[in-house]
Amino acid sequence: MIGQAGEAGLPSVRGVAHPPADGFYRRLGATRVGTVAPSLPRVAWERPESRFTIP
């Protein structure tokens, strides 16, 4: 994903994850930049928002 984003000229990629997956994305190099509010009725919890900076 990061390679394809770089080839496309993107400066970063935004990700919104299920809370238990946040650590996984952070280990891959994502930086936590905030949270996304619940989308009721399907998603009843806040979700971490992360950003991968493209080198």
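**Before you start**

The model is predicted, so local features need pLDDT of at least 70 and side-chain atom pairs count only at pLDDT 80 or more, while totals for chains, interfaces and linings use all residues. Residues are numbered from 1 along each chain as its sequence is written, and side-chain values use heavy atoms, with hydrogens and water left out.

**Stop 1: the whole chain**

Show the cartoon. The protein chain has two helices and three strands, in the order α-β-α-β-β along the sequence. Helices (H or I, at least four residues) and strands (E, at least two) are DSSP runs, numbered from the N terminus. The C-alpha trace spans about 35 × 20 × 15 Å along its principal axes.

The chain exposes about 4,000 Å², and carbon and sulfur atoms supply 55% of it. Accessible areas come from the Shrake-Rupley method with a 1.4 Å probe, and for residues only the protein chains shown count as cover. Of the 55 residues, 24% are buried; buried means under 20% relative accessible area, exposed means over 50%, and partly exposed is in between (1.4 Å probe, protein chains only).

**Stop 2: strand β3 and its partners**

Select residues 47–53, which form strand β3. Five of the seven residues in β3 are buried. Which strands pair with β3?

**Stop 3**

Show the charged side chains. Side chains of opposite charge can pair when their charged atoms come close. The whole structure holds two salt bridges, each defined as a side-chain nitrogen of Lys or Arg within 4 Å of a carboxyl oxygen of Asp or Glu.

Begin with Arg14 and Glu49, whose side chains meet at 2.6 Å, N to O. Arg14 lies in β1 (residues 12–16) and Glu49 in β3, so the pair ties together parts that are 35 residues apart in sequence. Arg14 is partly exposed at 49% relative accessible area, whereas Glu49 is buried at 15%.

Next, select Arg32 and Asp22, which form a salt bridge at 3.4 Å, N to O. This pair links Arg32 in strand β2 (residues 31–36) to Asp22 in helix α2, ten residues apart. Is Asp22 buried or exposed? Asp22 is buried, with a relative accessible area of 11%, and Arg32 is partly exposed at 37%. Stay on Asp22 and display its surroundings: leaving aside neighbours within four places in sequence, Asp22 is in contact (heavy atoms within 4.5 Å) with Arg32, Pro48 and Ser50.

**Stop 3: the nonpolar core**

Select Ala5, Val13, Ala30, Phe52 and Ile54, the five residues of the largest nonpolar core. Such a core is a set of buried Ala, Val, Leu, Ile, Met, Phe, Trp, Tyr and Cys residues joined through side-chain atoms within 4.5 Å. In soluble globular proteins, nonpolar side chains tend to be buried together.

Centre on Ala30. Beyond its neighbours within four places in sequence, Ala30 is in contact with Tyr25, Ser50, Arg51 and Phe52. Then move to Met1, in the segment before α1. Met1 is exposed, with a relative accessible area of 55%, and touches Val13 and Phe52, not counting residues up to four places away in sequence.

**Stop 5**

Select Phe24, Tyr25 and Leu28, which make a nonpolar surface patch of about 280 Å². Patches are made of residues with over 30% relative accessible area and no salt bridge; like charges are joined within 9 Å, nonpolar side chains (Val, Leu, Ile, Met, Phe, Trp, Tyr) within 5 Å. Phe24 sits in helix α2 (residues 22–27) and is partly exposed, at 41% relative accessibility.

**Last stop: a cis peptide bond**

Where does Pro41 lie? Look in the loop between β2 and β3. Zoom in on the peptide bond joining Leu40 and Pro41: this bond is cis, with omega about 5°.
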